[in-house]
Amino acid sequence: MRTTAARAAALTAVLALTGLLPWLSGTDPALSLLRARSAEQEPTPEALAAIRTDLGLDTGPVALLGRWAAGLLHGDLGVSWVSGTEVLPAVLAGLRVSLTLMGAAAAVALLTGATLAAPAALRGRAGTGTAAAVLAALPEFLLALLLLISAGVWLGWLPTSGWTGPAHLVLPALALGIPAGALLGRLVAEALPAVLEERWVELWRGAGTSRRYVTTAALRRALPPLIPQFAMVAVGLTGGAVAVETVFAVPGLGRTVLGAAKSQDLPLLQGAVLALLMLGLLAGAVGAAVRRRLLGPALRDASLTLPTARPTPVPPAVPLALGAVLLATIGWGLLREPYAIHTTARLAAPSAAHPLGTDALGRDVLARLGHGAVPTIGTAAAVCLLACLIGLLLGFLPDTATGFADVTNALPPVVAGIVVAAVTGPGTGAAALAVTLTAWPPLASHAAALTQEVRASAFLTAQRAMGASPLWILSRHVLPAVAGPVARHAVLRLPGTALALASLGFLGLGAQPPTPEWGLLLNESADYAERAPVAALAPAAALALLAALAVTLAATTTRRRTTTSQRKALSLAR
Amino acid sequence: MNPPVPAQPLTVAGSPGSDTSSPARPAPIGKPLAPAHAASAAPQPLLSVRDLVVRYGSTTAVDGVSFDIHAGETVGLVGPSGCGKSSTAAAILQLHRPHSGEVRFDDVDLTALSERQLRPIRPRLQPVFQDPYGSLSPRRRIQDQIAEPLRVHGRWSHPAGPRRVAELLDMTGLNPALGSRFPHELSGGQCQRAGIARALANTPQLLILDEPISALDASLRAGILNLLLDLQDSLGLSYLFISHDLTAVRHLSNRTLTMHDGRIDG
């Protein structure tokens with residue numbers, strides 16, 4: 001009940017935020033519109049006021065929101081500020097392209113997932129190995145760029161931009177589908193072995209049931225708990241689409257929304273964000289419905305024990321080695337000068353003077369990589385800390401937290417980044433805020449699960465019986481039991497958070513030049529990938545290392561001392 | 001499932017082994033705290049439960065239960081699982097507030113008190129739970145957990161506090177060296193003793209024993225039952241002993257009540 005109310009409140013808040021974007025926007029929309037319409041006209045107060053009246057910005061937020069909501073009910077999303085055309089047809093056209101791309105990506109994902117999960121299903125082997133896990137953690141923009149450089153530019157097999165034929169579909173679908181498929185395959189492969197070891201499997205086999213029948217039944221048992229995560233993957237596709245469509249210049253909804261944010265075409269932005277949000281919510285709702293269909297009353301009565309996933313164990317040496325390489329590179333780079341411009345040594349190949357070469361302005365790539373760690377990983381640490389605090393706080397109000405989390409789950413970091421950037425203008429702070437907004441739900445659900453577990457234990461009853469006050473119980477028993485594991489969980493999410501920040505930086509929504517933030521670094525150097533491949537690949541390699549670190553760190557730590565609920569929360573969080 | 005508890009070690013001070021429900025159990029030796037024979041000596045009961053009704057949502061778990069416990073007396077409460085024994089215990093302890101009825105403890109109706117008003121009274125009636133490990137925090141040393149009731153009520157001081165903890169460990173038959181251990185480093189029986197030591201920290205008058213031996217190995221049960229008898233003798237405690245094990249209840253109790261579907265039979 002409270003969950004439903006919170007869900008409705010969160011949804012209303014997001015809708016209102018979207019509707020109020022023109023009013024909230026930090027940079028004066030009238031000014032940017034004037035620039036967009038006629039570059040030579042002077043921004044006199046009269047001209048700006050005329051535009052404001054024209055757009056209805058002078059009537060205040062309530063009237064603005066009311067008009068937008070009323071238009072929404074009639075299927076009218078307004079008129080683009082830049083092109084002056086109707087928004088709805090543009091959004092629908094973009095949606096058609098994006099849905100085609102997502103469909104193709106989903107096919108790729110299913111194929112990848114099935115391939116990775118096959119050994120587990122057929123031979124009962126646990127996990128999919130570290131390589132697949134790293135693939136799952138690789139952000140879409142990075143894979144898109146690597147595919148673009150390798151298959152498109154170097155090998156020249158496939159077209160790298162545009163949307164004119166089926167060949168144009170291949171690379172974007174691969175970039176979008178492979179990480180999603182690797183994640184799906186990994187989830188299934190980790191869930192299956194526990195199921196295949198259950199008593200009934202032995203019984204069925206003993207009774208001579210065919211192997212195919214047993215495997216089907218095992219899948220039927222392993223899948224329902226994974227469905228919410230499948231829905232999350234589908235939501236992730238909408239966020240990934242923004243990056244992939246931008247890299248391959250596909251005229252889909254993702255590129256539309258990014259372009260609209262950058263040109264401050266707020267009506268178009270509103271329409272496109274609304275469509276992405278609806279897509280995400282739809283994915284979540286379909287996931288919930290399928291799960292209910294598969295589990296039936298067992299779900300309602302909470303009487304179903306679900307198999308616990310068994311992540312592939314990774315020796316602690318692996319993340320240690322990865323972290324050491326990363327830290328050594330960063331440390332070396334920090335000792336060098338990142339902003340010195342050498343116009344004579346532009347796009348130089350690696351040499352003794354510049355171990356990783358130079359960029360288009362002749363700046364040392366190694367130095368920029370090292371100094372970029374501070375805005376990338378430092379910001380990620382701040383975001384994780386903030387998300388951890390929010391998660392702990394909301395973990396004590398599980399019903400409310402679930403409702404809010406359902407809505408924020410439908411909002412990938414990239415889309416949140418676009419909305420925040422439209423309000424505050426792009427920048428490190430905006431990117432950090434956007435990632436924080438989407439980073440707390442897994443931590444809150446973990447905290448809620450732990451709180452529930454502690455609160456149900458007999459020793460807390462003993463505390464109450466001895467006359468301890470609620471504050472005493474909270475501060476001395478509940479908080480210590482919850483804060484430690486949730487903080488560890490937040491640390492585990494640090495590399496992933498850094499990747500989310502980097503993808504915003506890559507799209508130009510985060511840190512601004514000349515900050516050497518890694519995503520931005522990759523974006524700047526990607527244009528020169530043919531002439532200076534090392535400079536382009538260095539930030540990509542750093543981000544890939546970060547992805548590998550994220551995965552292996554999680555795999556080594558989840559093995560240690562985790563309760564069922566913790567594991568459940570961790571897997572939900574992924 | 002429940003092997004008979006050996007009768008011999010259960011009897012104290014060489015009294016004729018008696019396992020009937022008559023109040024003929026041996027009187028505590030040389031302890032002025034407790035009346036010689038509770039039922040006859042104290043006209044005013046220590047605990048008086050009247051028309052207790054406990055509900056969980058629309059389910060009625062306890063439906064009009066009344067009984068008394070006098071000082072120094074052990075009342076057994078038996079019945080099948082789900083009959084409302086533990087709900088009765090939780091309602092007496094005000095851990096789950098009863099729907100209606102009275103719980104008079106030392107002539108104070110606990111049901112009428114607020115949570116804050118209850119706090120100073122709570123140490124005087126203490127629970128001992130079924131799950132020996134679950135009733136202790138896995139994150140704290142045994143000695144800190146035994147000391148916690150003293151700290152909660154602001155009675156901790158040096159050197160009296162540590163001395164009291166050592167005394168409690170000794171009273172419950174635990175080696176003082178075990179105090180610095182964590183619950184998972186102890187056996188179930190040792191954890192149950194630590195739980196009893198914690199319940200005794202603030203010198204209670206009544207212990208609500210909710211299946212205190214059900215989770216233990218048969219070999220450890222007699223030890224805990226003997227400990228409870230010894231403590232009753234030396235401290236003059238009253239017990240409400242809840243169990244589905246009729247033999248154990250008969251060994252320990254002066255009177256036995258049988259519950260069925262939320263009501264006391266007979």
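How many bridges join strand β1 (residues 47–56) of chain B to β2(B)? Eight bridges do so, and the two strands run antiparallel. The model is predicted, and local features are reported at pLDDT of at least 70, side-chain atom pairs at pLDDT 80 or more, while totals for chains, interfaces and linings use all residues. Residues are numbered from 1 along each chain as its sequence is written, with chains lettered from A and ligands numbered from 1 in the order in which they are written.

Chain B has eight helices and ten strands; helices (H or I, at least four residues) and strands (E, at least two) are DSSP runs, numbered from the N terminus. Four of the strands form an open sheet in the order β2-β1-β4-β5, with antiparallel pairing. Two strands are taken to pair if DSSP finds at least two bridges between them. Because β2 (59–69) and β5 of chain B stand at the edges with a single partner strand each, one side of each is left without a neighbour in the sheet. In general, strands of a sheet pair through backbone hydrogen bonds, either parallel or antiparallel.

Of the 266 residues of chain B, 44% count as buried. A residue is buried if 20 or more other C-beta atoms lie within 10 Å of its own, exposed if 12 or fewer, and partly exposed in between, with C-beta atoms placed from the backbone. Two residues are in contact if their C-beta atoms, placed from the backbone, lie within 7 Å. Among contacts in chain B between residues at least 6 apart in sequence, 72% join residues at least 24 apart. B:Asp230, in helix α7 of chain B, is partly exposed because 15 other C-beta atoms lie within 10 Å. From B:Asp230 to B:Leu246 the separation is 16 residues in sequence and 21 Å in space, C-alpha to C-alpha.

Between the chains, 18 residues of chain B are in contact with 15 residues of chain A. On the side of chain B that touches chain A, β6 (125–128) and α4 (142–152) of chain B each supply at least two residues. That side divides into nine nonpolar, five polar and four charged residues, where Ala, Val, Leu, Ile, Met, Phe, Trp, Tyr, Cys and Pro count as nonpolar, Asp, Glu, Lys and Arg as charged, and the others, Gly among them, as polar.

Most residues other than glycine have a negative phi, and most peptide bonds are trans. B:Asp107 has a positive phi, near 65 degrees, and lies in the loop between β4 (100–105) and β5 (108–109) of chain B. B:Asp107 is exposed, with 9 other C-beta atoms within 10 Å. The phi of B:Glu211 is also positive, near 50 degrees; B:Glu211 is found in the loop between β7 (206–210) and α7 (218–235) of chain B and is buried, with 21 other C-beta atoms within 10 Å.

The peptide bond from B:His158 to B:Pro159 is cis, with omega near 0 degrees, and B:Pro159 is in the loop between α4 and α5 (160–171) of chain B. In chain A, a cis peptide bond with omega of about 5 degrees joins A:Pro513 and A:Pro514. A:Pro514 belongs to the loop between α23 (494–506) and α24 (518–526) of chain A.

Chain A averages a pLDDT (the predictor's confidence in each residue, from 0 to 100) of 79, and 89% of its residues score at least 70. Over residues 558–574 of chain A, pLDDT stays under 50, and the model has 30 contacts beyond four places in sequence for these residues. Where pLDDT is low, the predicted coordinates should not be read in detail.
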